[in-house]
Every structure is written in C-alpha cells, then in structure tokens.
Amino acid sequence: EMQRVGCAPTLLATLPPEVGQQRHADYIDLTQIAGGDTEVVQITDCNDPSFLKKVAALSPEVIFVIGWSPIAGPELRGLAARHCVGFHPTKLPALR
C-alpha cells in the first residue's frame, strides 16, 4: 500500500529465508514484494551494530518495526527523527 501511494520505504529489513522458515510458520519472503526503490537487507538481529549504522546513514523520519520477535532496542528506536512505530501480530508478551 505504501508503494501504491508513492511512499515506498527506503530500506526493508527481513529475515533470511532459511532462518525465517525455521522460526515462523507464517514466514513470507518480503524481497518478493519490495519495490525497485526499496533496498532489502536480510538480518537476524534488528539491534546489530552494522544494521544500526545502515539505518543511521539514512536519517529516517519514521521507522516501522513489524513482527520482529526481538525487541527493537533504544538505539534503533532513537534513530527516527519523528516516530518509531511497532506492530506485533500477537498479544505480547503472552504469545511471543
């Protein structure tokens, strides 16, 4: 939907398929749906220093963290100039 209205994300981080398929029964490889202007990186830890450096270099206004099992740490959340929005598909922490 974001792509359709002209607001495609600059960066999309997703699990590598071999990890995602082992961890999540409902895993979807997001590289298949990312738009041409969206850089896709495969990571296993959204708090990894090399990933944080990549995000910081983009100076994002908004960061969306959707469906990650690990908690997005304060350093990642602090990189957003305006907002960091998190979504999780289940009730937390009970169904984590």
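The model is predicted.

Start with the core. The largest nonpolar core has 16 residues. Those with the most contacts inside it are Ile 43, Cys 46, Phe 51, Val 55, Ile 63, Val 65 and Leu 76. Two elements each give two or more residues to this core: helix H2, residues 49–58, and strand S3, residues 62–66. H2 gives the most, with 3 residues.

Take Cys 46. Its place is the loop between S2 and H2. Cys 46 has a relative accessibility of 3%, so it counts as buried. The cut-off for that word is under 20%. Leaving out residues up to four places away in sequence, Cys 46 touches Phe 51, Leu 52, Pro 70, Ile 71, Ala 72 and Leu 76. Ala 13 is 33 residues from Cys 46 along the chain, yet their C-alpha atoms are separated by 8.0 Å.

Now take Ile 63. Residues up to four places away in sequence are again not counted. Ile 63 touches Val 55, Leu 76, Leu 79, Ala 80, His 83, Cys 84 and Val 85. Val 55 and Leu 76 are also among the residues with the most contacts inside the core.

Next comes the loop between H2 and S3. Pro 60 lies there. Its relative accessibility is 13%, so Pro 60 counts as buried. Beyond four places in sequence, Pro 60 touches Val 55, Leu 79, Ala 80 and Ala 81. Ile 63 touches Val 55, Leu 79 and Ala 80 too. Gly 6 is 54 residues from Pro 60 in sequence, and 16 Å from it in space, C-alpha to C-alpha.

Ser 59 sits in this loop as well. Ser 59 is exposed, because its relative accessible area is 58%. Its backbone also deserves a look. Most residues other than glycine have a negative phi. Ser 59 has a positive phi, near 45 degrees.

Thr 14 lies in strand S1, residues 11–14. With 5% relative accessibility, Thr 14 counts as buried. Its contacts beyond four places in sequence are Tyr 27, Leu 30, Thr 31, Val 40, Val 41, Gln 42, Ile 43 and Trp 68. One of these, Ile 43, is also among the residues with the most contacts inside the core.

Thr 38 is in the loop between helix H1, residues 17–23, and strand S2, residues 39–42. Thr 38 counts as buried too, because its relative accessibility is 8%. A polar atom of its side chain lies 2.7 Å from the backbone oxygen of Pro 9. Pro 9 is also one of the residues that Thr 38 touches, along with Ala 8, Thr 10, Leu 11 and Leu 12, not counting residues up to four places away in sequence.

Thr 44 lies in the loop between S2 and H2. Thr 44 is partly exposed, with a relative accessible area of 39%. Setting aside residues up to four places away in sequence, Thr 44 touches Leu 15, Pro 16, Val 19, Arg 23 and Trp 68. Trp 68 is a contact of Thr 14 as well. The C-alpha atoms of Thr 44 and Glu 75 are separated by 17 Å, and the two residues are 31 apart along the chain.

How many salt bridges does a search of the whole structure find? It finds 1. Lys 54 forms a salt bridge with Glu 39, and their closest N and O atoms are 3.0 Å apart. Lys 54 lies in helix H2 and Glu 39 in strand S2, so the pair ties together parts that are 15 residues apart in sequence. Lys 54 is partly exposed, with a relative accessible area of 31%. Glu 39 is partly exposed too, at 37%.

Met 2, Val 62, Phe 64, Ile 66 and Phe 87 make a nonpolar patch of about 480 Å². S3 supplies the largest share of this patch, 3 residues. S3 is also one of the elements that give two or more residues to the core. Met 2 comes from the segment before S1. Met 2 is partly exposed, with a relative accessible area of 39%.

Definitions and conventions:
Residues are numbered from 1 along each chain as its sequence is written. This is a predicted model: local features need pLDDT of at least 70, side-chain atom pairs count only at pLDDT 80 or more; totals for chains, interfaces and linings use all residues. Side-chain values use heavy atoms; hydrogens and water are left out. Helices (H or I, at least four residues) and strands (E, at least two) are DSSP runs, numbered from the N terminus. Buried means under 20% relative accessible area, exposed over 50%, partly exposed in between (1.4 Å probe, protein chains only). A polar contact is a pair of N or O atoms within 3.5 Å; within protein, one must be able to donate a hydrogen and the other to accept it, and residues adjacent in sequence count only if both atoms are side-chain atoms. Contact means heavy atoms within 4.5 Å. A nonpolar core is a set of buried Ala, Val, Leu, Ile, Met, Phe, Trp, Tyr and Cys residues joined through side-chain atoms within 4.5 Å. Patches are made of residues with over 30% relative accessible area and no salt bridge: like charges are joined within 9 Å, nonpolar side chains (Val, Leu, Ile, Met, Phe, Trp, Tyr) within 5 Å. Accessible areas come from the Shrake-Rupley method with a 1.4 Å probe; for residues, only the protein chains shown count as cover. A salt bridge is a side-chain nitrogen of Lys or Arg within 4 Å of a carboxyl oxygen of Asp or Glu.
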